[in-house]
Amino acid sequence: MRFSAVTKPLALCLLATGIQLLPATAFAVLPDLGGNAFSTITPEKEKQLGDVMMRQTRGSLPMVYDPLLDEYINSLGNKLVARANDVKFPFKFYWVDDKNINAFATLGGNVTSHTGTLAVAESESEFASVMAHEIAHVTQRHIARFVEAQSQKAPLTLAGVLGAIVLATVNPEAGMAAMMATQGAAQQSAINFTRSNEQEADRIGMQILSEAGFDPHAVPNFFRKLAEQSRFVNQQLSFLQTHPLSQSRVSDTRMRAEQFPQRFVPDSQDFTLSKARVMARHQYDKKDAEVIFRKMLSDPGGNTRANQYGLAIALLDNGKPEQARKLIEQLLAKDEHNLYYIDVYTDILLAQKEYQLCLEMLEQQYLLRPNNQVVTLNYANAALKANANRLAIHLLKNLLFYKNDSILAYDMLSEAYKAAGDLAKFYEARADLRYQLANYPLAIDDINEALNHLRPEEKLENRRLEAKKVQLQTEFDRLRRM
C-alpha cells in the first residue's frame, strides 16, 4: 500500500469522539477557560488547545500519512526536544504535502514540516536546524504569549484563534493580525512580534542543534541557500514569507555559528532514505522520478542505496513491479530488516498478488517488532488485500491502543469492518476517523448510523454508543460557545 495518503480539506469545524477499544483517557478533555478564554494560557491549557488546533489543521491541510516518514520526523524531532530547555509537554511532528520550503509550530508542541523542506535540505543538519527553530518557538511559548497579549486588547474566540493560527502557517503577519482588534496598527505590531521571535528562535534553536550533535553552521548555510534561491523566482519562497529573513538576521546567525566549532556530521541512513522517498513520491512527478533517479545512479558517486531505493519506488509507482522487485531484493540482501525496503517490498508483492508470501514475511517482522507502526500497518494492509479481515482488525485495534491518533489505522479499520460485514463497527471507526480530521457533525451522524445497525439484544453496545454521542455533542457545544 502506498502510505503517503493526504486528506481533502474539510470545513473549519471540529470533531471529538473516542473509539471503543481505547481507554477512557483517550477522549479529549477541553480546558475550562473561563470568561476571557485566552487571557492566561497555562502550559496545560496550551497543550489542550493545541490538540484541538492540530485536529483542525489535519482536516484543513493536505497532510501526509506515511508511517516511515512519521517515524523519521518524530525520531529526529524528539532527539532535538531532548536537548531543549523549558519543555512543558510532549511534542508531535507532522508532514504537509507541499513542494515549497516551510515549517511551522502551533500551540501545544505540534510542529509541522512541508515535504519540500526535506527535499531541499542537503544535509540532515540543515533539516534538523529547521526543526530546532520551530521547537524553540514552542518552548519559548511565542504563540501562546502573543495570544495572551492580544486577548487583553480584544475578545478572542476559539474559532478566531483557530483560523488565525492556520492563516499564520501561510503568512504569519496576516495570521497574527487576524487575532487583533484592528488591522491598522495590528499589522506593524505583528511584524515586530514575529521578527523578535525569529531572532530568539534562531539563537535557542542553534543551541538545541549543537547540543543534539548536529552542525550549527547548517543554519547560516541553509539561510544563504534560501536567499540565493529567492533571487531567481518571481514570488518569495514560502519559508521566507513565514520566517522573515532580513540581512541582519542572516549576519546574526553567521556570527552565532562562529561561536561553535564546525563539525562534520554524517547523514543518517534514515535521512537519506526518507529524502529519497519524499523526492520519489512528493517532489517529482512519477515519470520524471524514474528518469531522475536513473541519472543520479549513473553520476559519479551516485550509485547509493538511497538512489537505488528511490528508483525502486519510482518503478513501482510507474507500474513496473518486476524491475522494482529486483532492486529491492538486492537491498534486502544487504539489510534484511530495513523497514524502508520491507515497506516497498510489501507493495511489490501485493501488486504481484503474492499474498501468502507477503503475509508470511510480515508475520515474521511483526513477531520481531509487534509495536512498530510501519510493520503493523503493512501487515494489516496485506491482510485486507488477502481478505483476512479479522486479522487486519486485530492488528489495527492493537496499534490504536498505543497510537490512538493514527489516521491510517482508523481508515483501514473502518475498511476492515465494512469488508467483514460489521456495519455498526464500520460507522463507529469512521466516526473516530472524522474525529481525527476535525469534523464533529459528520462524526455524530456516523454514531447515529452505528446505533441504527445494532441488533435489539445489543443493549450494552447501545448504551455505550449513546453515551459516546452525548459526550461528543457536549464537547462540540462547548467548543461552539468558546
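On a 1 Å grid laid over the protein atoms alone, a pocket is an open set of points with protein on both sides within 12 Å along at least five of seven lines, whereas a cavity is a set of points where a 1.4 Å probe fits but cannot get out; in either case the lining residues are those with an atom within 4 Å of a point. The structure described here is a predicted model, in which local features need pLDDT of at least 70 and side-chain atom pairs count only at pLDDT 80 or more, while totals for chains, interfaces and linings use all residues. Residues are numbered from 1 along each chain as its sequence is written, and side-chain values use heavy atoms, with hydrogens and water left out.

The second largest pocket is lined by 19 residues, among which T272, K275, T304, A306 and N307 lie nearest its centre. Its space amounts to about 350 Å³, a volume being the space filled by probe spheres set on grid points that are joined across faces, edges and corners. At least two lining residues come from each of α12 (269-283), α13 (286-298) and α14 (305-317), and α12 gives the most, with 7 residues; helices (H or I, at least four residues) and strands (E, at least two) are DSSP runs numbered from the N terminus. By class, the pocket lining comprises 9 nonpolar, 6 polar and 4 charged residues, where Ala, Val, Leu, Ile, Met, Phe, Trp, Tyr, Cys and Pro count as nonpolar, Asp, Glu, Lys and Arg as charged, and the others, Gly among them, as polar.

Of cavities with a volume of 30 Å³ or more, the structure holds 6. The second largest cavity has a volume of about 90 Å³ and a lining of 11 residues, with S129, V130, H133, V219 and F223 nearest its centre. Helices α4 (124-139), α8 (183-211) and α9 (218-230) each supply at least two residues of this lining, the largest share, 4 residues, coming from α8. The lining of this cavity divides into 7 nonpolar, 3 polar and 1 charged residues.

Strand β1 pairs with β3 (residues 110-114) in the parallel sense over 5 bridges, and W95 has S113 in β3 as its bridge partner.

Helices α15 (residues 321-334) and α16 (residues 339-351) pack at an angle of about 145°, with their axes 10 Å apart. By class, the contact of α15 with α16 has 12 nonpolar, no polar and 2 charged residues.

Technical notes:
Axes fitted to C-alpha atoms, helices over the stretch in contact; angles between N-to-C directions. Pairing = 2+ DSSP bridges.
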